[in-house]
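Hi there,

Here is the structure I promised to pass on. Have a look at it first, and my notes follow just below.

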Amino acid sequence: MLKRIAAILLVVLSLTLTGCVSKVTGLKSYVDTGDGYQFLYPNGWLPIAVSNGPDVVFRDLIQQTENVSVVISPVPNDKTLADLGTPTDVGYKLSKSAIAPADSGREAELVNAEARESRSKNYYILEYAVKLPNQQRHNLASVAISRGKLFTLNVSTTEERWPKVKEAFEKVVKSFSVY
């Protein structure tokens, strides 16, 4: 009898706790107050030291080819994201300048490009299929302008892992905010 009551209480408790889980389960917050941006990244990812490159990089401890990074570039103070072009224009330019520049051995196809607004800031969400000499990858990026700087968050995985991580990566990209 006591075992039955304990089992019922355990089931009720687990169902109650399951209902309390947020939509960002498995994600941790990264905040850079100095540069003025923040985003969520998956649990189990670690910061990687880089020089002369992105402002920050995290990668998966197990799947080390999965990573998220933020690159900050200057733009004239009066430029807005719309001044740089439509989401498709900016996505194409980014593919040619950063994701698959000439002579890099990479090819990038812009799969999707859309605009969104969050907290009175405009963001472009860009999706790419990227071909490297020895593998195919899938990238999502979020681009925004704040205080005369272009912020680009990029999250990347292999094409074979994409279906498994798509939902989490979309949450990462949509969590990116600049201030």
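A word on pockets before anything else: on a 1 Å grid over the protein atoms alone, a pocket is an open set of points with protein on both sides within 12 Å along at least five of seven lines, whereas a cavity is a set of points where a 1.4 Å probe fits but cannot get out; a lining residue has an atom within 4 Å of a point. Grid points are joined across faces, edges and corners, and the volume is the space filled by probe spheres set on the points.

Please keep in mind that this is a predicted model, in which local features need pLDDT of at least 70 and side-chain atom pairs count only at pLDDT 80 or more, while totals for chains, interfaces and linings use all residues. Residues are numbered from 1 along each chain as its sequence is written, and side-chain values use heavy atoms, with hydrogens and water left out.

The largest pocket has a volume of about 650 Å³. It is lined by 24 residues, and L94, A98, I99, T152 and N154 are the closest to its centre. By class, this lining holds 12 nonpolar, 9 polar and 3 charged residues (Ala, Val, Leu, Ile, Met, Phe, Trp, Tyr, Cys and Pro count as nonpolar, Asp, Glu, Lys and Arg as charged, and the others, Gly among them, as polar). At least two lining residues come from each of β5, α3, β8 and β9, and α3 gives the most, with 6 residues. These element names are DSSP runs numbered from the N terminus: helices are H or I with at least four residues, strands are E with at least two.

The second largest pocket holds about 160 Å³ of space. Its lining includes N112, E114, W162 and K166. Here β6, β7 and α4 are the elements that give two or more residues, and the largest share, 5 residues, comes from α4. This lining divides into 5 nonpolar, 1 polar and 5 charged residues.

**The sheet and its helices**

An open sheet of 7 strands runs in the order β3-β4-β5-β9-β8-β7-β6, with antiparallel pairing (two strands pair if DSSP finds at least two bridges between them). Its edge strands are β3 (45-47) and β6 (107-118), each pairing on one side only. From one strand to the next, the twist averages 20°; axes are lines fitted to C-alpha atoms, for helices over the stretch in contact, and angles run from 0 to 180 degrees between N-to-C directions. Between β6 and β7 (residues 121-131) there are 11 bridges in the antiparallel sense, and S118 stands opposite K121 in β7.

Helix α3 (residues 87-99) packs on this sheet, touching β6, β7, β8 (136-146) and β9 (149-158), and its direction makes about 50° with that of β7. Contact means heavy atoms within 4.5 Å. Helix α4 (residues 162-175) packs on the sheet too: it touches β3, β5 (67-74), β6, β7, β8 and β9, and its direction makes about 165° with that of β9.

**The other strands**

Strands β1 (residues 27-32) and β2 (residues 37-42) pair in the antiparallel sense over 6 bridges. L27 has P42 in β2 as its bridge partner, and S29 stands opposite L40 in β2. The hairpin of β1 and β2 has 4 residues between the strands, and G36 takes a positive phi near 80° there. β2 is also joined to β10 (residues 177-178) by 2 bridges, running antiparallel; Y37 has V178 in β10 as its bridge partner. Of the 6 residues of β2, 5 are buried (under 20% relative accessible area; exposed is over 50%, partly exposed in between, with a 1.4 Å probe and protein chains only).

**Two residues to look at**

T152 sits in strand β9 and is buried, with a relative accessible area of 11%. Not counting residues up to four places away in sequence, T152 touches S69, V70, V71, L94, S142 and V143.

S146 belongs to strand β8. It counts as buried because its relative accessible area is 2%. Leaving aside neighbours within four places in sequence, S146 is in contact with K121, F151, V178 and Y179.
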